[in-house]
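Dear colleague,

I am handing over a structure that you have not worked with before, and the sequence and coordinates are shown just below. After them I go through what was found, starting from one residue and moving out to the whole chain.

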Amino acid sequence: MKIINLKMGIAFFLVFTLLSCSKDDGNSPEPSAKLGIPFASTASNITDTSFQANWVLVPEAESYLIDVSTSSSFSMMLTGYEAFVVQGNTVSVIGLSPAINYYYRVRAKRGAEISSNSNAITVITTGVIPEEPEDPTFLKVKANALANPFFVGVAVKSNQLTEGSSYDTVLKNEFSSITAEYEMKMNPISTGSGSYNWVAADKIVKYGNDNGINVHGHALVWHNAVPNWLANFSGTDAEFALEVKKYITDVVTRYAGKVKSWDVVNEAVNDNDGGLRNTIFLQKMGPNYIKDCFQWARDAANAAGDTNLLLFYNDYATSTNINKQNKVYTIVDDLMANNLIDGVGFQMHNTYLSPTKIQMETDINRAVVKGLKIHVSELDIQVNQNNDITYLTEERNLAQKAKYLEIVKIYNALPAANKYALTVWGFKDNESWIPYNTDLNHPGNDWPLLYDKDFKLKSAHTGFLEGLN
């Protein structure tokens, strides 16, 4: 009996040993999967004092750690909600204040292993907090008083520049720079080869010069502003290029010393793949057309004695579209190598959610380190990009205010040598291009600017002003 038990014991020991060794040798099953990163989704059940945070489950996770903060950098954690442990994929965050912007992110946990942070979600609690009375200082006055001042600009139409009008009063009080919204582009000015209609452009430039307001020229070459006579040009490609050269030369020469800067080429990069946009200029003038246009503008300015003219490349959506961003900086590097560019225009047709602060800073800083001037050239902030509201709610109003403040603070923090202007793309919400653009999904319903339809100051204006602190 003892012999049998001994044999059984030896057999059990051998089986156990073999099984144990099999877990460690090269033929063992795959190790457990690496702990995935959760994906945080939009908050729900939002009230004045709480919201429900949500995220997608990670199969390998045993629990989750949620952080809630009042800052997008998570530098100020909400008491009780720093690495707060949660079972499942939702939790009610309570004890909040009304009408405050909160942020949350999540990590998965398994034993001692903790994943990286999820994406951050922003949520604004409902309710209204009475705003403090706005600082009565005008935008340009506050900007001029900074240690490193810059122009505060606005896009204008010539018919708004009537002495004593509401536009005239607001413009002279608030803004130190103007950009023609459309009337200084090619097709309003060029009526034929060497033939021009200067009326609207002259009025805008004269208004700026007469009132001590900087004038930024926009834009010498843009694929959506080609006059019919040039779009249907029947001459050779070389003759087409000469027509473009003549136009650039004549416009820059006419306004030498009066227009302090120009967007020479506007929106030349394709959205989809980061290549050059397939425009008539690319087709007829080849891939060097951008450099040619900058050279002609520089030559015209120098010939007219305007050696201080600043030349900009201007484009949109470069903070979120990295392929596009990279191509823009390839163009910029080529122009810099030939001493043909002074600055970059970042249009900043943004939404209240995007781009993030980090995305904008990363994009702009690529130009800063090159020593270029920065022009936030066409700023507006959509609040209804998903067409989910029919009026400007208080929550969206405050979110827009926060985004304006964020952008102005980013710009205000730039080195003095890189600052040029921060230009808002229009005066009043009801006159913005955004609600009526057929490519967007909310016809008639958006409120992207600093003033409402009655020229009443919005919280967005307060955010802009506070960003100048």
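This is a predicted model: local features need pLDDT of at least 70, side-chain atom pairs count only at pLDDT 80 or more; totals for chains, interfaces and linings use all residues.

Although F455 is not a glycine, its phi is positive, at about 65°. Is F455 buried or exposed? Its relative accessibility is 17%, and since the limit for a buried residue is under 20%, F455 counts as buried. The ring of F455 also belongs to a cluster, in which ring pairs link it with Y167, F175, F427 and Y451.

A positive phi turns up at N45 as well, where the value is near 50° in a residue that, again, is not glycine. N45 lies in the loop between β1 (39-44) and β2 (51-56), and with a relative accessible area of 55% it is exposed.

Turning to the chain as a whole, you will find 13 helices and 19 strands in it. The radius of gyration is 29 Å, well over the 23 Å that the globule rule gives for 469 residues, so the chain is more spread out than a compact globule. Taken along the principal axes, the box that the C-alpha atoms fill is roughly 115 × 55 × 40 Å. Of the 469 residues, 49% are buried, while the accessible surface comes to about 21,600 Å², with 54% of it belonging to carbon and sulfur atoms.

The largest nonpolar core has 105 residues, and the members that touch the most others are W262 and F464. Which helix gives the most to this core? That is helix α9 (residues 289-303), which contributes eight residues. Another core, of 23 residues, lies apart from it, and A61, L78, V91 and V123 are among its members.

Aromatic rings deserve a separate look, and a pair of them is described by the distance of the centres and the angle of the planes. The count of aromatic pairs comes to 17. One of these is the edge-to-face pair of F150 and Y411, with 4.8 Å from centre to centre and 70° between the planes. F150 and Y411 are both buried.

A further aromatic pair, formed by F312 and Y420, is tilted, with 5.2 Å between the centres and 35° between the planes. This pair, too, links distant parts of the chain, since F312 is in strand β15 (residues 310-315) and Y420 in strand β19 (residues 419-424), 108 residues apart. F312 has a relative accessibility of 0% and so counts as buried, and Y420, at 7%, counts as buried as well.

The charged end of R105 sits over the ring of F74, at 4.1 Å from its centre, and that of K324 sits over the ring of Y316, at 3.3 Å from its centre.

The bond that joins H218 and A219 is cis, with omega about -10°, and A219 has its place in strand β13 (residues 214-222). The bond from S354 to P355 is likewise cis, with omega near 0°, and P355 is located in the loop between β17 (349-351) and α11 (357-368).

Finally, there is A417, which lies in the loop between α12 and β19. At 55% relative accessibility, A417 counts as exposed. How many residues separate A417 and I37 in sequence? They are 380 residues apart in sequence, and in space their C-alpha atoms are 41 Å apart.

With best regards

Key: Residues are numbered from 1 along each chain as its sequence is written. Side-chain values use heavy atoms; hydrogens and water are left out. A nonpolar core is a set of buried Ala, Val, Leu, Ile, Met, Phe, Trp, Tyr and Cys residues joined through side-chain atoms within 4.5 Å. Buried means under 20% relative accessible area, exposed over 50%, partly exposed in between (1.4 Å probe, protein chains only). Helices (H or I, at least four residues) and strands (E, at least two) are DSSP runs, numbered from the N terminus. Rings of Phe, Tyr and Trp (its six-membered ring) pair if their centres lie within 6.5 Å; planes under 30 degrees apart count as stacked, over 60 as edge-to-face and the rest as tilted. A charge sits over a ring if NZ of Lys or CZ of Arg is within 6 Å of the ring centre and within 35 degrees of the ring normal. The radius of gyration is taken over C-alpha atoms; the globule rule is 2.2 Å times the number of residues to the power 0.38. Accessible areas come from the Shrake-Rupley method with a 1.4 Å probe; for residues, only the protein chains shown count as cover.
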